Amino acid sequence: MRLDKLWVVAKKDLAEFRTNKYVMYSILLMPLMLATVLPVIYLSAFVMMPPATQALDVGNEGISMEIIDQVVVNGTYEDTSFLRCELRDVVASNCRFEASNLTNCLVRDSYIGNSTLNGSALFHSNYQGLTTSGSTLSGSVDVSGVNEDIEFLKQFISFLLIFFIMIPVVLPTVMASYSFVGEKLNRSLEPLLATPTTDSELLLGKAAAIFIPCMLATWLSFIPFTIIVDFMVSGILGYAPLPDPVWIIGVFIIAPLFCIMSICLNVIISSKVNDVRASQQLGSLVVLPLVVFFIVALAGVFTLGPEIMLLLSGAVLLVDLAIIYFSLKTFQRESILVRWK
Amino acid sequence: MIELRDLTRRFNGNVAVDSLNLTIEDGKVFGFIGPNGAGKTTTIRMITTLISPTSGTVHVNGLDASDPEEALQIRSHVGLLPEIPGLYETLSAYRNLDFYAALYGVPIDRRKDRIKELLEMLEIWDRRDDIVGKFSKGMKQKIAIARALVHEPELLFLDEPTSGLDPEAALTVRNFLLELKKEGRTIFLNTHNLDDAERLCDTVGVMRTRLLAKGSPSELSQQFWGRTTVVHLHSISPAMISGVRGLSGVTGVQQDGDHLLVDVTDPASVNPDIVRELVRQGGQVESVNELKRSLEDVYLRLLGGGK
């Protein structure tokens, strides 16, 4: 393998890409949109209606009465502590409820722990270990430390990683279609193949011309994305979530592996089609397993952690090795001139 | 030198090239003529190591095309002009040539001079920075020829170099090829243009899957028609025809208006006897010439279309 020949091929392809407005739009606009517009759109909802995480000051320190193991029906209560009580049709404020069942009750500025709410409404209160049925919780905070909204936000930020893996998957479909199918349509492959270069030097040179701008676009766009995400959600989470190990593995290991997969797959596709758009459409299908993986993760089947990401990296690497082998078999002088359609 | 031995190539069972044996000496221009699908391009592709033969061998300057390392060396010794120029249309003429010069390993300090030299010879140096996509077909062909020569190859393979060009562009290309011939470069020319082949080639091969004939244009003409003397007379009588037919060395006589077409074995010795006989018979001889059979006549006779 002579790197100088490889680089000559890569430089020529890069020069051609610079003159192709479709390729340039794709390389510049797609990462820019995904890095800036996407987080703003998706995270605005969380910023505008941030889930509360701090316990509310409900002012129920001044408990003046305690009711234990009783059934309480009707009545309005203030500054009262209920322990193991059955409450029905009760209006309560500045109260504490522990191990109690509340049915058809209206509660505000209170604390409810390890209790059940049936057909009731809870306003501006703290709670933990609460089981609800047909009830409304408004402006209230789970003080157990487990906040479903926060957990969802964390998972959602991990889910956005899919778009950063999509960049190096989708961009090569655009670039490879021009690089391989375009060169085939232009009939410029024959004089190229007549030069004293090996098949692998030509293939890797062309692949490098796609890989380098795709990964540069991905990594450069990761910078504004990180800044925007951290700026938007650090107030909610109390810390800057990016970069974290999941994203580091995703952007710096999985994304390049998917990029290689996409390039090699497009080489194979290029041998079968004679149309740039058909090549792009078929090449885009490589994102499908990726989308399924992330949607399954978002649905909560598994949590996107470093271990899962490393497992995914290993799986993609194995697929890459197989596809590299097939693309090298496809990109041979004889095959290109005799078998490529 | 190019040596092909029993070279055969099949595509899905169809024979494209059948048992081709051919030797092309250094410094010669060899023309391959034949109809579409005759196997001419396939032969070039096998010699330039783009595809491998089904059987048989290719040696170029003693290098074996079936050996990957030697194939790489063969490619560095040859220049190829494919039937379609296949240039990078969004790049400039200069950038196209510079790319190929780099791939062929032309040293960086020599590249600019070489490209300038070629583009000046082809009269397009002042258009070097223009995008190739804006060029006419003739200009693209010139760039493609320059590309094939940028690394100063010992062997040049040209597939239909004047095909589809206007007469002026075709003339420029033809003259350029004549210059290359004078330089003593070995050229392998695939062409449908029999006039080009006749003017440019030392040796011509007529191909239709198999090599049907090979020789210089005049040798082929003699091989298929023998030699014919054309005598222009004021008038022709039957006695003149029978008198000439009876001469030794005459194999046939035909009348064509006021011309007598006499097939002879050796014009130098028989022509004086013909003239004497015609004068003896009272004929007024106006001119005596040898009938030139063109390569086209050879081609058409060989491929079944000739009279």
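Student: What makes Arg45(B) and Glu190(A) a salt bridge?

Tutor: The closest N and O atoms of Arg45(B) and Glu190(A) are 2.9 Å apart. A salt bridge needs a side-chain nitrogen of Lys or Arg within 4 Å of a carboxyl oxygen of Asp or Glu. The pair is therefore a salt bridge. Across the interface of chain A and chain B the rule finds 2 salt bridges.

Student: What is the model behind these values?

Tutor: It is a predicted model, where local features need pLDDT of at least 70, side-chain atom pairs count only at pLDDT 80 or more, and totals for chains, interfaces and linings use all residues. Residues are numbered from 1 along each chain as its sequence is written, chains are lettered from A and ligands numbered from 1 in the order in which they are written, and side-chain values use heavy atoms, with hydrogens and water left out.

Student: How many residues of chain A and chain B are in contact?

Tutor: 26 residues of chain A contact 28 residues of chain B. Contact means heavy atoms within 4.5 Å.

Student: How much area do chain A and chain B bury between them?

Tutor: About 2,500 Å², with 63% of it on carbon and sulfur atoms. Buried area is the accessible area (1.4 Å probe) that two parts lose on being put together, summed over both. The value therefore covers both chains.

Student: What makes E4(B) and E5(B) paired strands?

Tutor: Strand E4 (residues 55-60) and E5 of chain B are joined by 2 bridges and run antiparallel. Two strands pair if DSSP finds at least two bridges between them. E4(B) and E5(B) therefore pair. In E5(B), Asp64(B) is the bridge partner of His59(B).

Student: Why is E5(B) called an edge strand?

Tutor: E5(B) belongs to an open sheet of 4 strands, ordered E2-E1-E4-E5 in chain B, with antiparallel pairing. Strand E2 (14-24) and strand E5 (63-64) of chain B each pair on one side only, which makes them the edge strands.

Student: Which strands does E9(B) join by bridges, and in which direction do they run?

Tutor: Strand E3 (residues 29-33) and strand E9 (residues 203-208) of chain B share 4 bridges and run parallel. There, Gly31(B) has Val204(B) as its bridge partner. E9(B) and strand E10 (residues 210-215) of chain B share 5 bridges and run antiparallel. Met207(B) stands opposite Leu211(B) in E10(B).

Student: What lies between E9(B) and E10(B) in the hairpin?

Tutor: 1 residue lies between them; Thr209(B) in the turn has a positive phi of about 65°.
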